[in-house]
Amino acid sequence: PDDPGGTRERPPATNFAHRVGRWSANHWKTAVLGWLAFVIASVVAGTVIPPKYLEASDANVGEARKADKIIEAGFPGYFDDQGEMVLIQHTTLTADDPAFKAVIQDVTTTLDGFPKVRKLVSPLDVGHEDLISEDRRSAMVTFLPKGDYDEAVTYIQTIEASMDKVGKSHPGFYVDELGSVSTERELNKVFNGMLVKAGIIAIPIALVILLFVFGSAVAALVPLLLALTAVFATNSLVALPSQFFPVDEQISEVILLIGLAVGIDYSLFYLKREREERAAGRSEGAALEAAAATSGRAVLISGITVLVAMAGMFLSGDKTFMSFSVGTMLVVLVAMIGSLTVLPALLGKLGDRVEKGRIPFVHRLRRKDGEGRFWSAILDRVLRRPVVSAVAATAVLVALALPALDIKTANPGIEDIKIAEVEPIKKLIAAFPGGNAPAQVAIRADDVRAEPVRAAIAELEKQAIATGQMKQPIEVEASRDHTVAIVDIPLVGGGTDDVSKDALVTLRDEVLPATVGKVGGVEYAVTGETAADKDWASAMKKSVPLVFGFVLLFAFVILLASFRSIVVALKAIVLNLLSVAAAYGVLVAVFQWGWGESILGFESNGGIAPWLPTFLFVILFGLSMDYHVFILSRVRELYDRGYSNDEAVAHGIKTTAGVVTSAAT
């Protein structure tokens, strides 16, 4: 009754995925050993050729990046310099008190005894009153540790321990070291611990879900192990393309995120179909070939679609996004190859033994026709009233998407991080408010000591202060070869607010062209926190339409070629866009508007992280297309086998809905 005309036993249509799956099943040793050899070779390659990470001067875009490159050329290693400070505080005594001065002197003397400490500056030094807070109950001793972060982190703990001893020897005083090495080290330790905890929790949860999906231990372990080996191989293999496209240091986390998602999805699609065909009476070999020809083809199409979505990040112009694109495309490709080769090899060898370790209760929930009880009950009602159901479902998604019209971006501040390791930074900010990073004017000339250049810089300082949007102290530093000068100009405002951005526009468009810009042969650009934030936002505004357009166009072309239907391709694009919009809307309502703050236990900072909308689009679109292709492939397959349109839709969705829900979970 569920197989009109007895077409179920019709041989599956031969396609690339079918041929690969059949070969792998017939040569299972070669396929499995080949996969293991590939994973081992990837690890060896990643060990022999260490990955290249993005340089600090590559972090920004636009004019800010141009300025960073000028600074790096004149001050090699400038962005590797690490700033450290020791914060000294007392609740009642001021820096003028002899006891307070004694603590400052003790800190300075102790630091001076470390050969790795350079450029040590004390608030007691002449001209450094700015290191004492306005209420004079806080003071800073600043220094630079030798070497870059990786070198400094190996010895910074010894300096921290000495500062702890100084604090203990002066009861009543708060003495704590913080900075780009000591604080970063503590934060890395905390966040890495969180990632480990997340992995420890997430992988067993994924296993439990897979146990529930398949009802047996062996079948549950296969997708998880395949996904983990794909992630493991890619984390090492990414070192090779990084020689040409340096990657962000967070690339491993992104590879894990995407690798587990698509790796489990593809294996689940394939394995679930093979088990369904076997339950319907096919022989082990026929069931595997049917899965290869159908789900294998769906995996191939899905993988290509996800690759296209991830490739869209190349058009962002942001090197971090581009590196994420490299990592995600690589792990999707590896997971797809593994699903098409080693998975049918394992299934061919295991046969029905893949059902070992059964969970009886879960097996009793299954229906022989492959349709899940839960989704069958829902879809029977939906398909009886398709128009009402479509309107209702669309209305819910549109309602969820509406808040997205108010989407705003905002960089999270230190106050948004609720862990003990950032408390010293909060104390520092409270004692020295308004200390946002200054705008940095990078100036390149044959000789920045030449009179025309020096006069222009002096006039730059004068006009900057005259605007009322910039303030003292303005500091000038020249490189050793006298070809580059850096002019630090503090801007009014909080650094990334509209007041600071207006000041930046004045500096770039009015003050600089009227001063340094009038000197022939001089090149200049502005960087700094405000400039980097503004340039990144401008670049994203230009690149987002390109990213979206590229992903949508090529996804449409792939779907059109796969299903040979303009309507089906358009419908998939529209529904996936609606899903993405709904996700944006939920993010805005929760993290921007602050709905549910008391329940979820956080405080909104009034905006979404600037990088998230673009990154989220390619991730969501890629994964949702996975599910869409899997469902449509099954419907199309049934239609081609002689089912009526209604029967193909009903049976196709019912047999895939549970798999898709499990994959999404």
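1. Leu-33, Leu-36, Ile-40, Val-44, Val-48, Ile-49 and Leu-240 together form a nonpolar patch on the surface of this predicted model.

2. Lys-29 belongs to a surface patch of positive charge, in which it gathers with Lys-349, Arg-353 and Lys-356. At 53% relative accessibility, Lys-29 is again classed as exposed.

3. Where does Glu-249 lie? Glu-249 is found in the loop between helix 8 (217-237) and helix 9 (251-279). With a relative accessible area of 57%, Glu-249 is exposed.

4. The protein chain carries 62 positive and 74 negative side chains. The centres of these two sets lie 12 Å apart.

5. Side chains of opposite charge can pair when their charged atoms come close. How many salt bridges does the structure hold? The structure holds 27 salt bridges. In one of them, Arg-275 pairs with Glu-274, and the closest N and O atoms are 2.7 Å apart. Arg-275 and Glu-274 are both buried.

6. A further salt bridge joins Glu-523 and Arg-444, with 3.1 Å between the closest N and O atoms. This pair links distant parts of the chain, since Glu-523 is in strand 8 (residues 523-527) and Arg-444 is in strand 5 (residues 439-444), 79 residues apart. Are these two partners buried, partly exposed or exposed? Glu-523 is partly exposed, with a relative accessible area of 30%. Arg-444 is likewise partly exposed, at 30%.

7. Arg-634 and Glu-637 provide another example, their side chains meeting in a salt bridge at 3.9 Å, N to O. Why are they separated by about one helical turn? The reason is that Arg-634 and Glu-637 are three residues apart in helix 22 (residues 612-640). Both Arg-634 and Glu-637 are buried. Salt bridges with shared partners join Arg-273, Glu-276, Glu-277, Arg-282, Arg-634, Glu-637 and Arg-641 into one network.

8. Thr-142 lies in strand 3 (residues 138-145). Leaving aside residues up to four places away in sequence, Thr-142 touches Glu-84, Met-85, Lys-119, Leu-120, Val-121 and Leu-131. Val-48 is 94 residues from Thr-142 along the chain, and the C-alpha atoms of the two are separated by 39 Å.

9. The overall description of the protein chain is as follows. Its secondary structure comes to 23 helices and eight strands. The C-alpha trace spans about 95 × 55 × 50 Å along its principal axes. Of the 665 residues in the protein chain, 46% are buried. Among contacts between residues at least 6 apart in sequence, 76% join residues at least 24 apart. The protein chain exposes about 31400 Å², of which carbon and sulfur atoms supply 63%.

Methods:
Residues numbered from 1 in each chain as written. Predicted model: local features only at pLDDT ≥ 70, side-chain atom pairs only at ≥ 80, totals over all residues. Heavy atoms only, no water. Helix = DSSP H or I, 4+ residues; strand = E, 2+ residues; numbered from the N terminus. Buried < 20%, exposed > 50% of the residue type's maximum accessible area, 1.4 Å probe, protein only. Contact = heavy atoms within 4.5 Å. Patch = residues over 30% accessible without salt bridge, like charges linked within 9 Å, V, L, I, M, F, W, Y side chains within 5 Å. Areas by Shrake-Rupley, 256 points an atom, 1.4 Å probe, with all protein chains shown as cover. Salt bridge = Lys/Arg side-chain N within 4 Å of Asp/Glu carboxyl O. Lys, Arg positive; Asp, Glu negative; His and termini not counted. Charge placed at Lys NZ, Arg CZ, Asp CG, Glu CD.
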